[in-house]
Structures are given as structure tokens and as C-alpha cells.
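Hi,

Here is the structure I promised to pass on.

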Amino acid sequence: MKRASQFRLKLPVYGSSYYIKKALKLEAALARKPKALRIEMIGDGEIPADIALLMRSILMQRSPDTKIVTDARSSLQGGSVLVWLLGDQRIIRSDARVFFKRNPLADEDPVEVYAGLGEAEQKYKDSYSSVDPEDADYARVLQLINEFLPVNEFAGRVVNVSVLRDFGLVENERVDNFLATAFSKSERVTAFT
């Protein structure tokens, strides 16, 4: 019989190498195919956009038999919000808040896109161009958050737990099960990002 596991994800203010190591440990924990994995998030840091996308790809590749519970014991921001939203069941401290910045590319002039990739992605020209690859990753994080919360309305604003509850993101088992089923099917059929 498979047992439930726990995985603590501290959120330091800086330290990309910490997040890379944690992403690899998350992948190893999921490779053991536990029945459930609880990701406990604590601290006032923010998961960098690229690492949040990496963690998303790891979570999307997990066994369909593994249930993910994300437990935010602190307020969340940016990429950390995306990782928290990916839980089949989401828990958040009652007085915690969620925050994500506006899309850094929203005010940019249109940038040439790569041909043949399906979805248009910002093209990185050089280190002197106005488009930063980190900004493009953050824009992708916002696009994925938008599957759960209306980014245009909430970006740049502090979102409290009552709003998350109104959107069925906490304390709503029916919506949790629906989202887990919908996203696991669509992501497992197509290549993950």
C-alpha cells in the first residue's frame, strides 16, 4: 500500500540554486509514486518564473494516482502562486494573501515570434533588446495563473482568501476534483511546457 508523503518547500527571498535543488527533489519524490504528496510552502520569498514552470512540468508528469496537496502557510507571490494553484487540493492560511505583478510584456511593442511553434512566443533578440527572457517566463506564469484567476483584474492587487474561496480555489472539493481531472487529462495528452 502506498502512503502519503510530505514535501516542505521553503520560500527564501533569494536563492535560485535552492529552488533548482528543490525542483529536483520534488521530481525524485514524485518518481516514488506516493499516493499523496503535500507541498508545504512557507516564507516570504518568490519562486522564480523559470523554476515555477519547471515545477509545473514535473507536477504535470506525475503518476495520475498521486494526489498533490499544496499548503500555503505564508502569503504567496509570483511563481509561488502558480505552484500553489497546481495542487489537486489547495490550503492557505486564513489571513494569507496572494499577489502577482502585472505582465511585464503587456506594454512592450509587438516582438517578432518564432514560426511553427503553435503558440506565439516572444523572440529573444540579444541582451540589449527590450525583451528579457525572464519577463517572457513571467508572462507565461501569468498565462497559466489565468486558468484559475483573472490575471488582468487581479495583477498588481493583493488577493485575500475570501476571493480565492469565491473562485472555488480553497475549501471546495468539487472544484478541486474537476480542475485536477481537467488539467491532468489535457496536459498528459499533449506535450507539457
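A quick definition before the sheets: two strands pair if DSSP finds at least two bridges between them. Helices (H or I, at least four residues) and strands (E, at least two) are DSSP runs, numbered from the N terminus. This is a predicted model, where local features need pLDDT of at least 70, side-chain atom pairs count only at pLDDT 80 or more, and totals for chains, interfaces and linings use all residues. Residues are numbered from 1 along each chain as its sequence is written, and side-chain values use heavy atoms, with hydrogens and water left out.

One is open and built from 4 strands in the order 1-2-3-5, with parallel pairing. Its edges are strand 1 (4–10) and strand 5 (89–92); each has a single partner strand, so one side of each is left without a neighbour in the sheet. From one strand to the next, the twist averages 15° (axes are lines fitted to C-alpha atoms, for helices over the stretch in contact, and angles run from 0 to 180 degrees between N-to-C directions). Inside this sheet, strand 2 (residues 36–42) and strand 3 (residues 67–72) share 6 bridges in the parallel sense, and Ile39 has Thr70 of strand 3 as its bridge partner.

There is also an open sheet of 3 strands, in the order 4-6-7, and its pairing is mixed. Strand 4 (76–77) and strand 7 (159–160) are at the edges with a single partner strand each, so one side of each is left without a neighbour in the sheet. Strand 4 runs parallel to strand 6 (residues 97–99), and 2 bridges join them; Leu76 has Val98 in strand 6 as its bridge partner.

Next, helix 2. Its 12 residues reach 16 Å from first C-alpha to last, close to the 16 Å expected (1.5 Å times one less than its number of residues). Helix 2 is mostly covered, with 10 of its 12 residues buried (under 20% relative accessible area, 1.4 Å probe, protein chains only). Among them are Ala49, Ile51 and Arg56.

Last, the second largest pocket holds about 220 Å³ of space. Of its 13 lining residues, Pro48, Ala49, Lys101, Glu134 and Tyr138 are the closest to its centre. A pocket here is an open set of points on a 1 Å grid over the protein atoms alone, where a 1.4 Å probe fits, with protein on both sides within 12 Å along at least five of seven lines; lining residues have an atom within 4 Å of a point. Helix 4 gives the most to this lining, with 5 residues.

Cheers

Definitions and conventions
Points joined across faces, edges and corners; volume = space filled by probe spheres on them. Buried < 20%, exposed > 50% of the residue type's maximum accessible area, 1.4 Å probe, protein only.
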